[in-house]
Amino acid sequence: MPAFQAAYGTDTNTTSWIASVFQFGCAASAFCFGYLADIIGRKYSIVFAGTTFAIGGALQAGSQSLGMLITGRVISGIAIGAASTCVPLYLAETAPADIRGAITTIYQLMITIGILVAGIINAIIISSPLQTNDDGWRLALGLQVVPAVVLVILMFAIPFSPRWLCQKGRHDEGLATIAKLRGLPVSDSAVIEEYALIREGFEFESSLGEASWGEVLSGSNGKRVFIGVINQALQQLTGINVITYFQPQLYKIMGFGDVLANQVLPVVFDFANFIFTFIGMFGVDKYGRKTLLAVGGVVMSIGLALTYGFAKAVSNGAASGIAVIAYIGIIVFDLGFSSTWGPVVWSYQAEIFPMRVRAKGVALSTMSNWLVGAIITWAEPHLVSALNLDVYTIYLSFCIIGVPWAFFCVPETRGKTLEELGEVFGDKVAHHSEGLTDVKTKSP
């Protein structure tokens with residue numbers, strides 16, 4: 001917005017820091033909640049995230065200097081780092097195995113809803129007189145406080161994670177929570193057997209002693225961390241956040257006018273982002289994590305190749321009409337990302353770790369996402385200045401790399417309980433002596 005640019009500048013260095021400090025805050029917070037999620041629980045960690053995000057949003061909306069704005073961005077980043085660690089963790093620990101993938105991808109769906117709403121609000125403000133004064137950008141930043149407050153209020157109606165309750169020895173509460181989540185009575189055999197599996201798995205893990213960071217990074221856990229970290233790094237290296245943050249600049253390079261570049265095309269992209277996420281939600285438990293990631297890498301590669309090739313042609317003097325094909329490439333890329341690498345990576349990292357190291361493992365994977373994202377976001381304005389459209393060949397290369405990585409290096413986890421996943425990674429696991437009954441959600 002012109003008023004925001006007038007207040008804080010448009011030089012490359014300022015733009016880089018305003019965009020990236022948020023993600024640096026996310027990375028630091030994600031690591032810290034590897035400890036705190038086990039101490040205060042997933043539920044209260046999410047409450048902390050909502051409260052902190054509201055504070056950060058208020059500081060940004062009321063900022064009187066660049067330092068105050070950046071402080072607000074960092075505080076909001078701390079909030080999102082906590083949320084991005086604990087929300088997928090909570091969803092994975094409360095969902096039945098047969099629909100766990102779909103449930104945990106809800107996290108990504110909510111992100112896309114937020115991006116879409118923010119994009120619509122931004123487009124409305126840009127098209128109004130508010131864009132010419134500080135009220136416009138202050139309103140846009142201040143509105144983010146609203147969902148944060150709603151989150152905090154609603155969290156008090158949500159139960160604790162049953163696996164965290166088991167970890168704390170609160171077994172009666174854990175059993176009652178499983179019953180509530182499944183819509184079954186506490187005395188139901190499926191509820192009793194599911195909680196027995198959770199308890200046996202935790203007691204077996206506890207017999208091995210307290211989990212250290214050395215244990216998290218070695219053996220089969222080290223393999224899990226490596227996969228989680230690479231998955232999250234590759235998610236960022238596809239260029240998704242760069243495209244999302246800097247859409248108007250890209251569209252102007254393609255030759256689109258101000259209204260299309262600043263208002264119409266970003267909202268269309270954000271809406272497609274939201275819709276395509278449903279494909280991943282419904283496909284992750286049907287086709288599996290590995291398949292979706294591999295197919296998604298192919299689709300993203302095709303999309304970025306189209307975008308780069310035709311946008312480059314326009315910049316070299318080709319007919320401006322072919323810019324439409326470059327934009328179609330962006331939508332194809334979004335189809336590949338939003339239906340696969342967007343939701344599946346978050347779902348996968350939340351389910352692969354044993355209970356005793358789960359929070360730490362998820363935290364390290366999440367930190368990778370935000371740290372790589374922060375570096376890319378900081379570097380993007382500088383790279384564009386130096387390479388122009390050629391910067392997108394970097395992201396295309398990583399989309400291509402993601403295909404063999406997913407196919408050969410990502411073990412499939414579909415349909416298994418969190419406790420059974422140890423077998424996938426070669427762990428010794430406890431087995432319920434009487435066998436287990438599949439736990440299904442109650443029919444409506």
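## Confidence, core and salt bridges in a predicted model

Among the elements of this predicted protein model, helix α3 (residues 41-61) has the highest mean pLDDT, 95, while helix α1 (residues 2-8) has the lowest, 71. Residues 433-444 have a pLDDT below 50, and this stretch makes 16 contacts in the model beyond near neighbours in sequence. Where pLDDT is low, the predicted coordinates should not be read in detail. For the protein, the mean pLDDT is 87, and 94% of the residues reach 70 or more.

The largest nonpolar core contains 67 residues, of which Y251, M254, F269, L304, W341 and Y392 touch the most other members. Helix α18 (residues 323-351) gives the most to this core, namely eleven residues. Apart from neighbours within four places in sequence, Y251 contacts F256, A261, L265, P266, F269, Y327 and I330.

| Salt bridge | N to O distance |
|---|---|
| R42 and D38 | 2.9 Å |
| E203 and R199 | 2.9 Å |
| E215 and R356 | 2.2 Å |

E203 and R199 lie four residues apart in helix α11 (residues 189-206), about one turn of the helix. E203 is partly exposed, at 42% relative accessible area, and R199 is also partly exposed, at 34%.

E215 belongs to helix α12 (residues 213-216) and R356 to the loop between α18 and α19 (358-387), so this pair ties together parts that are 141 residues apart in sequence. E215 is partly exposed at 24% relative accessibility, whereas R356 is buried at 9%.

Salt bridges with shared partners join D38, R42, E93 and R358 into one network. Within this network, R42 and D38 are both buried.

Terms used: Residues numbered from 1 in each chain as written. Predicted model: local features only at pLDDT ≥ 70, side-chain atom pairs only at ≥ 80, totals over all residues. Heavy atoms only, no water. pLDDT = per-residue confidence, 0-100. Helix = DSSP H or I, 4+ residues; strand = E, 2+ residues; numbered from the N terminus. Contact = heavy atoms within 4.5 Å. Core = buried A, V, L, I, M, F, W, Y, C linked by side-chain atoms within 4.5 Å. Buried < 20%, exposed > 50% of the residue type's maximum accessible area, 1.4 Å probe, protein only. Salt bridge = Lys/Arg side-chain N within 4 Å of Asp/Glu carboxyl O.
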